[in-house]
Each structure stands twice: as structure tokens, then as C-alpha cells.
Amino acid sequence: MIGGGFVGHCCAWLLQQQGHQVQLIAPATAPQGSAAALGLLMAEVYQRRSGRGWRLRRRSMQLLQQWQEQLQLPIQRGLLLLASEPQEWERQQRLVQQSQCLELLSPADLKQRVNQAAVPELPDGVLGGVWSSGDGQLDPMQWIQRLQLAGAEQGLERVEANVIGINGNGGGPWTLRLDNGSKLSCDWLVIAAGLGSSGLLESLGHSLPMEPVLGQALELQLGSEPPAWNGCLIWKGINLVPRPNRRLWLGATVEPGDEASPPALAELQSLEGTAPSWLQQAQVLRQWQGLRARPSGQPAPVLEQPKPRLLVVSGHYRNGILLAPACAEWAATQIQES
Ligand SMILES: Cc1cc2nc3c(=O)[nH]c(=O)nc-3n(C[C@H](O)[C@H](O)[C@H](O)COP(=O)(O)OP(=O)(O)OC[C@H]3O[C@@H](n4cnc5c(N)ncnc54)[C@H](O)[C@@H]3O)c2cc1C
């Protein structure tokens, strides 16, 4: 397994569970996508109810529910998607007819929830919203650490290095050259190296073009206002994730390329000029950025077997935390069925 992000850890843990002997190879540095992620799990609020994207989302939510119990890890349940445009509000009204986990909230319903201190004072211009009890959020790095620990207990071997070359064609074992000068060999190779996957595949003559899409996020300390609330809020595509001790994660920008733009961060922090006073007064504790891997010319994520006994589980773009369990299951199935 090459890659120590959320995807690599889900694949490694699941394969270990199924009795395979797994080595996970990645440098000791934080994974650039997963360490930046806010961990929102948006499945029920997904517009489409058919196709691969929907199936992966739904399957991941089922697996996360099981893994949460098995690994004793928290998932923060509930998500409030607010509408800022009439078309968005109309879409939400249609969406609630498709799932029992979704509840349509009119402006009056929302006002009542604010009065009951169930949600904070909302930005001006809210046209309505959808409450999804089936969606939620998890802390990606907390999950990675637990998956790593649980994997290690079952014999998962962690190799801290970069892979700089791959030899093989699937007819025999794969040989990996590491940047610490050593070599490893394996029967099956799973590449879950995010943006690094393209370079690794290129050395095998396989093209997987991907482009980086940068995301910035903030951790804020809230004052005595607003009251603590449950569930994430989503407004104009910006996620507000309540954290313990009156903290809030706010993110993320979507910036093609790998250069962070200060104006984009300012827009995020002000909720595009609609931030209520409690948010304007919040203190910034931490600011970070990360890169998403967006496949060029094909939908995310990339799940493919370019050569015998070689699997690519990559290019997850904006939903890698949500999709990782179902993608790990895909990889495990390919190995099982071969
Ligand atoms: C700001 C931000 C917010 C996000 N919010 C969400 C969210 O709310 N919900 C959601 O579902 N998704 C979210 N995402 C997307 C999510 O973070 C990614 O889709 C996901 O983390 C991809 O995981 P990954 O394991 O494929 O990649 P990564 O986490 O990038 O990990 C790649 C791993 O591969 C390793 N690697 C690379 N090259 C090599 C090599 N040659 N040799 C060995 N190892 C190598 C790296 O070191 C790393 O360990 C967000 C992303 C960003 C940037």
C-alpha cells in the first residue's frame, strides 16, 4: 500500500481485517489532503440518487457506521444545509422528497431553532434549509491515528519512506525502490498516494493526469455567543463545524492550483460578507491549507486496475474522507475476486 492518508489507512485496515498481510509505505510527514480535511460526510444531501457517485457515498456511510462501532470512534451526526439562492431552495424542496433522513426547514422553522438555541444566529438572507440526520462529520486525523493503531495490532507494518520507483508488470512480484535506499517487494500493489499517484504510475507507463486544488481553512475560538449547537452548518458551500471547547472549524476555499490566495481566505472568514456578529468576533486560533487531487478528464475518484495485481485508489478530490471506506472495499473486492 503506497499512501498514508485517509484512503491508504482505510484500505490497509480493511485488507488486514480480511487476513491479508499489509505494508503501508508513506513518509512521516502529514498527508497533504487528509490532514487539511474538515471531515464532512455528505451523502443524503447529494442531489443524484443513482450512478457510481451515489452508490459509493451510500456504501461509505454504511461502512462508517460499522467501523465507528468496531473502532469506537466518534461521528458527529447531523448537518444543516442552508439555502442562499431561490434555485437552491427549490432543489432542497425536491431533495427532501427522496429521503426520510431529510427534513425541510422553512425560515420560520429556522427562526424557531435559533430561538431554542438549537442553532446559532444565522447569516442574513437564509431562504430555508434541509436538516440531514443521516449525514455528519468526523475528525480525519483522529480516525487515521486509530486506524493505524488498530492495523498495527493486527500486524500492519508501517514503512516511513517515499517510493521513488516501481518495477514489475504484474506477472511477478512488484519491486519498490524507496528514498532511504532500500527495496521492498509485494504480490499486490495498491497506490493510494493522492497527488503523488500520477508520478508513480508514470514510471509504469500509465498516465493519470491530476491537478491540485488548494483549500484553506480556519480554527476559531468563539466567545460566549452563540450557544453551543449540534451538527455542521453549510452556507454558500462553506462548512461550519462545531468543535469541543467552543471552537469552530471554518472551511474550505476551493482554489485551482497550489498557491493560497489571501482574498479567498478573507471571503471564507466573512462568509462572503454575510458573517453574523458572533462569527465576526471569533478569534483565529489556527489557519491551514491542503491540496486536493482532482483527476483531469474523468470523474473522481479514480478506481482502476491498470495492470494485473496493481490497483489505483486515488483522485478523490473533495470527498475523499466520505468515499474512502467504499473505495477501500472496492480494492479489497478486486483482490478477493482475483
Ligand atoms: C481544506 C480541505 C478540506 C476538505 N474537506 C473535506 C471534507 O469535509 N470531507 C471530505 O470527504 N473530504 C474533504 N477534503 C478532501 C479530502 O481531504 C481528500 O479527498 C482526501 O484526504 C484524500 O485522501 P488521500 O489519502 O487520497 O490523499 P492524501 O491525504 O493527500 O494522502 C496521500 C498520501 O500519499 C503519500 N504519498 C504521496 N506520494 C508518495 C510516494 N511517492 N511514496 C509514498 N507515499 C506517497 C503522502 O505522503 C500521503 O501520505 C478536503 C480537502 C481539503 C484540502
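Q: What volume of space lies in the second largest pocket?
A: This is a predicted model, where local features need pLDDT of at least 70, side-chain atom pairs count only at pLDDT 80 or more, and totals for chains, interfaces and linings use all residues. Residues are numbered from 1 along each chain as its sequence is written, and side-chain values use heavy atoms, with hydrogens and water left out. A pocket here is an open set of points on a 1 Å grid over the protein atoms alone, where a 1.4 Å probe fits, with protein on both sides within 12 Å along at least five of seven lines; the volume is the space filled by probe spheres set on points joined across faces, edges and corners. For the second largest pocket that space is about 390 Å³.

Q: Which residues that line the second largest pocket are the closest to its centre?
A: Lining residues have an atom within 4 Å of a grid point. There are 18 of them in the second largest pocket, and the closest to its centre are Gln 21, Val 22, Gln 23, Cys 186 and Trp 188.

Q: Which strand gives the largest share of the lining of the second largest pocket?
A: Strands are DSSP runs of E with at least two residues, and helices are runs of H or I with at least four, both numbered from the N terminus. Strand 1 (23-25), strand 9 (183-186) and strand 10 (189-191) each supply at least two lining residues. The largest share, three residues, comes from strand 9.

Q: Which residues come nearest to the ligand?
A: Let's turn to the ligand. A residue counts as near when one of its heavy atoms lies within 4 Å. Of the 38 residues around the ligand, the nearest are Ser 34, Leu 40, Val 163, Tyr 317 and Gly 320.

Q: What is the volume of the largest cavity?
A: A cavity is a set of grid points where the 1.4 Å probe fits but cannot get out. The count comes to one cavity of 30 Å³ or more. Residues including Leu 82, Glu 121 and Trp 278 line the largest cavity, and its volume is about 40 Å³.
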